[in-house]
Each structure stands twice: as C-alpha cells, then as structure tokens.
Amino acid sequence: MLKIGFVGWRGMVGSVLIQRMIEENDFNYIEPIFFSTTKFGQICPIFGTNIQDAYDINKLKKLNVIITCQGGDYTDRVYNSLRASGWKGYWVDSSSKLRMDRNSIIVLDPININVIEQSLYFGIKNFIGGNCTVSLMLLSLGGLFKHNLIEWINSMTYQAASGAGSKHMIELLNQMRILGNIVNNKNHAKSILEIDSKITKYMSKLPIKNFGAPLAGSLIPWIDKKIDNGQTKEEWKGNVETNKILGFYPNTIKIDGICVRIGAMRCHSQAFIIKLKKDIPINEIESILKEHNPWVKVIKNDINYSLKKLTPAAVTGTMSIPIGRIRKLSMGKKYISAFTVGDQLLWGAAEPIRRMLKILVMS
Ligand code: NAP
C-alpha cells in the first residue's frame, strides 16, 4: 500500500478532502499518515493515530505521496528542502505556490486526464489543484472547450467568503448578525427609511479585520494582489491556469474579467460572455455542455428553474455544477451568455486533489 502523508487536513479544504475520501472509501487503498505544523504529538481524531510533525523532513521522506492543503507558506518552507534531500515521491498541493512551475501539472481530470497521463508517463511528480473559479468554469463549459468552440470568454465572478478562508466566513456571519439585529420584533414596524438609515450607520462599524471592507449588504470588487497590467492576481489566473490545464502553450484562449467577492458562503458563481468560433444553435450548445461530464447540469433559461436550481443556496454542499441563462446576445450570433454556480470547496478545491490521489494509487 502506498504511504500517503496528509498535511493541512485540519483546514477547510483539507477537511472537505477527508470527508470526501471517507464517503468514497478511499482510505481502504492507502496507508494514511497525518501531519500538522501545530498539533504534532497529539492523537488524530479521524484514525486515532499519532500526528506527526509536518516540518520533519526525515519523516516526510519516507512517504510515497504528500497531499498538502496547508497553504503556500508551508510549500515554500518544505518543498525545496524535501526534494534536495533526494525525495522522489509525488507532491499533491492545493496551494498556488507551484501551479505555474514548469515541472507541475494543474489537475482537473474530467478536463485534462490526457495531460495528467502523459505527464505521469514522463515522470512528472508535482500535481497541483487549480484555482477554484478556473476549475468550476472549465467543468461548466467543458463541452465547448472540448469541441474547440471558444474564441474568448469574459468572466465576471461572484465569489464566496470561503475562498478567502475560515476566518473570513466567520467575519461575514458576524457582519450579517449585526445588520440583521437592526430589524427585530420591537422595531420591524418602523419605517423602512428609519431602518435603512440605521443600516447605513452600522455599515461603517462592522468588523472588517479580514476583508478590509463590509461584505454583508455590500460586495468587494477586488480579490488578491494587484499585478502590473491592472488585473488582480485572481483575474490573471483565469487566463494562465485555463490554458495550462488545457495543455496550450503558448496561451491560445483569451479569458478576462472582473473578480468580485460577495456575501455567499461557499459557492462561487460566474457570469460569462462567450465569443464562439462559429454560430451554433442554442439547443446544440446545451447538448454539447450536458454531454461533457456527469456533474454539469444545463438549467432552462426561465425564472422558476433559475431560482430553484441556479443559486448558491441550491448548490452548496453538492457536486453539481449547474449552468443556465444560456442565450444568444444582441452583439451577434456568435455571442452567448451563461451563468454557472459551483461549490468551491468541492470541485473548486478538494475533489480534483482527491481524484488525483486515486489516479496515483491506481497507476
Ligand atoms: P485553512 O482553513 O486556513 O487551514 C490551513 C491550516 O491552518 C490547517 O491545516 C491547520 O494546520 C491550520 N489551522 C490553524 N487553526 C486552525 C483551526 N482552528 N482549524 C483548522 N485548521 C487550523 O486553509 P484553507 O482555506 O483550507 O486553504 C488551504 C490552501 O488551499 C491554501 O493554499 C489555499 O489558497 C488553497 N485553496 C483554498 C481554497 C478555499 O476555498 N479555501 C480553494 C482552493 C485552494 P495545522 O494542522 O498545521 O495547524
């Protein structure tokens, strides 16, 4: 049995990964060893084994595969020393640290199993989970990518608090609670203008240590660092990671847009404007999309279906990736719109990594 080391399993992505592995009986085929940067020496609550020190290179060296959901700082601190020690195992990472490295493959097997298999054949050892919006976009539009029908995509995102981490989710809930308390049994008979002016007053007093601005009752049109061309790093990833996942060198599909943080908990949504390479009827586009993979669900462009099936509330905690609002745009016959929603902790983070581990175990 392969010895698999888990680092970062206590965090948000890590715990969703472990939960999915338990659901799929993945632990039957591996020997798991749990590591932590802080809780080593304690007993692992999942399997009752001793938690090991995640910085102990000698222990890490004995593993066939290391799965880390710990973050880029950990990768920075450990990866090079581990390779320098002669370790030849597989490194599977949810952080972006090694994503664009030329010796790394970004994994999303329903889209790029051919790239993954080829790289395994050529001895590549680093397999990295992609950015959450990129993975969800590729799965929702997989059919159009597969049939080489896309000229460019403008993607406007509506990203959940969970993408920023657990502290951010709690801050959002605290902001919501403070605003929600303004309307209670005693004052809900007050005029809406009175309530609204109270909300405006409280808005400037909300806790914003993590987000830097109120998110409840508002939004934040900026995610991650600024890069030189005026994009944010999150917006930059849309183009470079998509092309890398698809195995395109140099980048051939243009993707750009604005990434926005909204007050959803763990589902990212994205509105696309797509320029197709040719004019195709909508029913044909819908068939191409739904035939691509078992998780994408084409939603009828209609109010009832959109409200019932195309919202973060409907999708959270599920593996489904609904895509709706598909129609031709007034700009011309090659232009379509679409709107998709996906759980960014499942297909956006943990699931591609879980499936990559399975590929390694089976290969
Ligand atoms: P996280 O929840 O902050 O967890 C990271 C680590 O923090 C844990 O493994 C744990 O490590 C430590 N930790 C400290 N206090 C904790 C507590 N009270 N509960 C649980 N863990 C605690 O990080 P994350 O959001 O899962 O992200 C991990 C990596 O995945 C990052 O590189 C991130 O960019 C990437 N990623 C995240 C998402 C997302 O949606 N969040 C999506 C794609 C990729 P020790 O056991 O060593 O203490």
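These questions and answers cover cavities, aromatic contacts and strands in a predicted model.

Reader: How many cavities of 30 Å³ or more are there, and what is the volume of the largest?
Author: The model is predicted, and totals for linings use all residues. The count of cavities of 30 Å³ or more comes to two. The largest cavity holds about 110 Å³.

Reader: Which elements give two or more residues to the lining of the largest cavity?
Author: The lining of the largest cavity has 14 residues. Closest to the centre are Ser 155, Thr 157, Gly 238, Ile 255 and Cys 259. The elements that give two or more residues are α5 (132-140), β8 (150-159), α9 (233-245) and β9 (254-256).

Reader: How do the residues of that lining divide into nonpolar, polar and charged?
Author: Gly counts as polar under the classes used here. With that rule, the lining of the largest cavity divides into five nonpolar, six polar and three charged residues.

Reader: Which helix gives the largest share of the lining of the second largest cavity?
Author: The second largest cavity has a volume of about 60 Å³. Its lining consists of Met 21, Asp 26, Tyr 29, Ile 30, Arg 354, Leu 357, Lys 358 and Val 361. By class, that is five nonpolar, no polar and three charged residues. The largest share, four residues, comes from helix α13 (residues 346-362).

Reader: Are the rings of Trp 9 and Phe 34 stacked or edge-to-face?
Author: The model has 15 aromatic pairs. In this one, the ring centres of Trp 9 and Phe 34 lie 5.3 Å apart, with the planes at 70 degrees. Planes over 60 degrees apart count as edge-to-face. So the pair of Trp 9 and Phe 34 is edge-to-face.

Reader: How many residues apart are Trp 9 and Phe 34?
Author: Both residues, Trp 9 and Phe 34, are buried. Trp 9 sits in the loop between β1 (2-7) and α1 (12-23), and Phe 34 in strand β2 (residues 30-36). The pair links distant parts of the chain, 25 residues apart.

Reader: Which residues do ring pairs link into a cluster with Trp 9?
Author: Phe 34 is one of them.

Reader: Why is strand β14 described as largely enclosed by the rest of the structure?
Author: Strand β14 spans residues 335-343. Buried means under 20% relative accessible area. Strand β14 is largely enclosed because eight of its nine residues are buried.

Reader: How many bridges join β11 to β14, and how many join β13 to β14?
Author: Strand β11 (residues 267-276) runs antiparallel to β14, and Cys 267 stands opposite Asp 343. Strand β13 (residues 321-328) also runs antiparallel to β14, and Ile 323 has Thr 340 as its bridge partner. Bridges number nine for β11 with β14, and four for β13 with β14.

Reader: Which residue in the hairpin of β13 and β14 takes a positive phi?
Author: The hairpin has six residues between the strands. A phi near 150 degrees belongs to Gly 332.

Reader: Is Phe 211 buried or exposed?
Author: Phe 211 is found in the loop between α8 (192-203) and α9. Its C-alpha atom is 9.5 Å from that of Arg 261, 50 residues apart along the chain. The relative accessible area of Phe 211 is 14%, so Phe 211 is buried.

Note on methods:
Residues are numbered from 1 along each chain as its sequence is written. This is a predicted model: local features need pLDDT of at least 70, side-chain atom pairs count only at pLDDT 80 or more; totals for chains, interfaces and linings use all residues. Side-chain values use heavy atoms; hydrogens and water are left out. On a 1 Å grid over the protein atoms alone, a cavity is a set of points where a 1.4 Å probe fits but cannot get out, and a pocket is an open set with protein on both sides within 12 Å along at least five of seven lines; lining residues have an atom within 4 Å of a point. Grid points are joined across faces, edges and corners, and a volume is the space filled by probe spheres set on the points. Rings of Phe, Tyr and Trp (its six-membered ring) pair if their centres lie within 6.5 Å; planes under 30 degrees apart count as stacked, over 60 as edge-to-face and the rest as tilted. Buried means under 20% relative accessible area, exposed over 50%, partly exposed in between (1.4 Å probe, protein chains only). Two strands pair if DSSP finds at least two bridges between them.
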